[in-house]
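Keep the sequence beside the coordinates as you read.

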Amino acid sequence: MSKKIEKLFKSYREQLLHLAKLYGVVEIKSYARSSKRLSISQLELLLIKNHIKLPVNRSSDKAIAKQELKETAIRNVYLSIAFIFFIG
C-alpha cells in the first residue's frame, strides 16, 4: 500500500467500510442508514459473502508473528535444556 493510501485509512475498519462503499454492498449501506454499527467480523463476513477480497490486516499479522516467535523461542530453550541434560 502506498503512503497516501495508508494515511487515508487510519484503521482496518475504515478500509472495510471503504471497500463496501466502493463495491456498493447493500447490506452495509442499510446498516449505516439505520445508524447501527457493525463489528469488524460482521463487515468481513458481508464482504466475503459479496465475493470481495479483504485487505491485509497488518496489526493482526504482527501479533500472530510475535506469538509464533515467542512459541519458537520457548521450544528452542526447552530442547536445548533437554539436549544438555541427556548429553551432559
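Buried means under 20% relative accessible area, exposed means over 50%, and partly exposed lies in between (1.4 Å probe, protein chains only). By that scale I81 is exposed, with a relative accessible area of 53%. I81 lies in helix α5, residues 58-87. Helices here are DSSP runs of H or I with at least four residues, strands are E runs of at least two, and both are numbered from the N terminus.

This is a predicted model: local features need pLDDT of at least 70, side-chain atom pairs count only at pLDDT 80 or more, and totals for chains, interfaces and linings use all residues. Residues are numbered from 1 along each chain as its sequence is written, and side-chain values use heavy atoms, without hydrogens or water.

The protein chain has 5 helices and 0 strands. Along the sequence the pattern reads α-α-α-α-α. Of the 88 residues, 17% are buried.

Now the inside. A nonpolar core is a set of buried Ala, Val, Leu, Ile, Met, Phe, Trp, Tyr and Cys residues joined through side-chain atoms within 4.5 Å. The largest one holds 11 residues: Y12, L16, L19, A20, V25, I28, L38, L43, L46, L47 and I52. The most come from α2, with 4 residues.

Look at I28. Leaving aside residues up to four places away in sequence, I28 touches L17, A20, L38, L43, L46 and L47. Contact means heavy atoms within 4.5 Å.
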